[in-house]
Amino acid sequence: MACWRLPKRRMLFGRFWRSKWANSVSDSGDLGRPKRTYLAPASVTIGIESDLVDLPKIPLSMSAIVSFEGDASDGAIVRLLQPALLEIRAALRRDPGALMSLTPRQLEELIAAAYDSAGFDQVILTPRSGDFGRDVIATKNGWGSVRIIDQVKAYKAEHRVTANDVRALLGVLHGDRSATKGVVTTTSEFAPGIATDPFIAPFMPYRLELINGKNLVDRLRALSTKAG
């Protein structure tokens with residue numbers, strides 16, 4: 001079992017179980033005081049704030065991001081699990097690139113959770129296959145009702161979203177007559193020239209929105225700040 005000996009500091013996040021122990025973190029505290037040991041499972045990230053040592057980056061790893069509340073015609077109705085949002089805040093404070101460690105499905109769940117946290121009345125996570133180009137469907141009822149379809153792309157930094165990818169979502173938006181807006185969300189960046197493409201630009205920003213990695217991190221930080 002690996003053991004890290006660290007100076008005294010403030011623990012930002014931690015969840016502890018009595019099974020499947022993995023890494024341990026020891027804190028000797030002041031001289032003459034007993035040593036304390038914190039244990040955490042490998043599937044949980046612990047964020048530690050310290051100016052004394054340069055800790056290695058710890059990937060964002062969450063066992064559960066959303067809860068499944070029921071079925072809908074397009075997929076499963078989901079709700080945010082609040083501890084996940086706290087973990088996201090701790091991870092993004094330490095490393096803005098932490099989202100890159102999520103699987104494509106985890107990222108879809110995270111985007112669904114973000115819509116729920118933003119106050120949408122119903123958020124649907126579509127199946128892994130047969131989703132017709134819609135990964136997340138978020139609906140807000142009442143005054144100014146909207147139904148957003150979000151296509152989520154978990155790409156590495158060097159893999160950019162192309163103009164053809166965005167045009168494909170516009171085709172989905174045209175086919176889904178109940179959708180009021182389409183969003184492409186990615187962990188990377190969009191190819192140059194998309195914002196001025198004559199077949200894309202006329203739809204932005206009211207019918208189409210493009211969220212790159214930096215925008216996504218900023219939005220998640222804002223949501224977690226409101227929640228915490």
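Q: Is Thr-103 buried, exposed or partly exposed?
A: Relative accessible area decides this: buried means under 20%, exposed means over 50%, and partly exposed lies in between (1.4 Å probe, protein chains only). Thr-103 has 39% relative accessibility, so Thr-103 counts as partly exposed.

Q: What should I know before reading on?
A: This is a predicted model, where local features need pLDDT of at least 70 and side-chain atom pairs count only at pLDDT 80 or more, while totals for chains, interfaces and linings use all residues. Residues are numbered from 1 along each chain as its sequence is written, and side-chain values use heavy atoms, leaving out hydrogens and water.

Q: How many helices and strands does the protein chain have?
A: The protein chain has 4 helices and 12 strands. Of its 228 residues, 43% count as buried.

Q: Why does the span of H1 agree with its residue count?
A: The expected span of a helix is 1.5 Å times one less than its number of residues. Helix H1 (residues 82–94) has 13 residues, so it should span 18 Å; its end C-alpha atoms are 19 Å apart, which agrees. Helix H2 (residues 104–117) has 14 residues and reaches 20 Å from first C-alpha to last, close to the expected 20 Å.

Q: Which residues of H1 are buried?
A: An α-helix has 3.6 residues a turn, so residues three or four places apart point the same way. In H1, the buried residues are Ala-84, Leu-85, Glu-87, Ile-88, Ala-90, Ala-91 and Leu-92.

Q: How many residues of H2 are buried?
A: H2 is mostly covered, with 12 of its 14 residues buried. Among them are Leu-107, Leu-110, Ile-111 and Tyr-115. Just after H2, Gly-119 takes a positive phi of about 100 degrees.

Q: How many aromatic pairs does the whole structure hold?
A: A pair of aromatic rings is described by the distance of the centres and the angle of the planes. Rings of Phe, Tyr and Trp (its six-membered ring) pair if their centres lie within 6.5 Å; planes under 30 degrees apart count as stacked, over 60 as edge-to-face and the rest as tilted. A search of the whole structure finds 1 aromatic pair. The rings of Tyr-115 and Phe-120 have centres 5.3 Å apart and planes at 90 degrees, so the pair is edge-to-face. Tyr-115 counts as buried at 12% relative accessibility, and Phe-120 is buried at 13%.

Q: In what order do the strands of the open sheet run?
A: Strands of a sheet pair through backbone hydrogen bonds, either parallel or antiparallel. Two strands pair if DSSP finds at least two bridges between them. Here 7 strands form an open sheet in the order E6-E7-E8-E9-E10-E11-E12, with mixed pairing. The edge strands, E6 (66–72) and E12 (208–211), each pair on one side only.

Q: What joins E6 to E7?
A: A hairpin joins them through 2 residues. E6 and strand E7 (residues 75–80) pair in the antiparallel sense over 6 bridges. In E7, Gly-75 is the bridge partner of Ala-72.

Q: How many bridges join E11 to E12?
A: Strand E11 (residues 181–186) and E12 run parallel, joined by 4 bridges. Thr-185 has Ile-211 in E12 as its bridge partner.

Q: Which residues is Lys-181 in contact with?
A: Contact means heavy atoms within 4.5 Å. Lys-181 lies in strand E11. Leaving aside neighbours within four places in sequence, its contacts include Arg-147, Leu-173, Pro-205 and Tyr-206. Lys-181 counts as buried at 17% relative accessibility.

Q: Which residues does the cis peptide bond join?
A: The cis bond joins Met-204 and Pro-205, with omega about 0 degrees. Pro-205 is in the loop between E11 and E12.

Q: Where is Phe-132 placed?
A: Phe-132 is in the loop between strand E8 (122–125) and strand E9 (136–140). Phe-132 has a positive phi of about 55 degrees although it is not a glycine. At 65% relative accessibility, Phe-132 counts as exposed.
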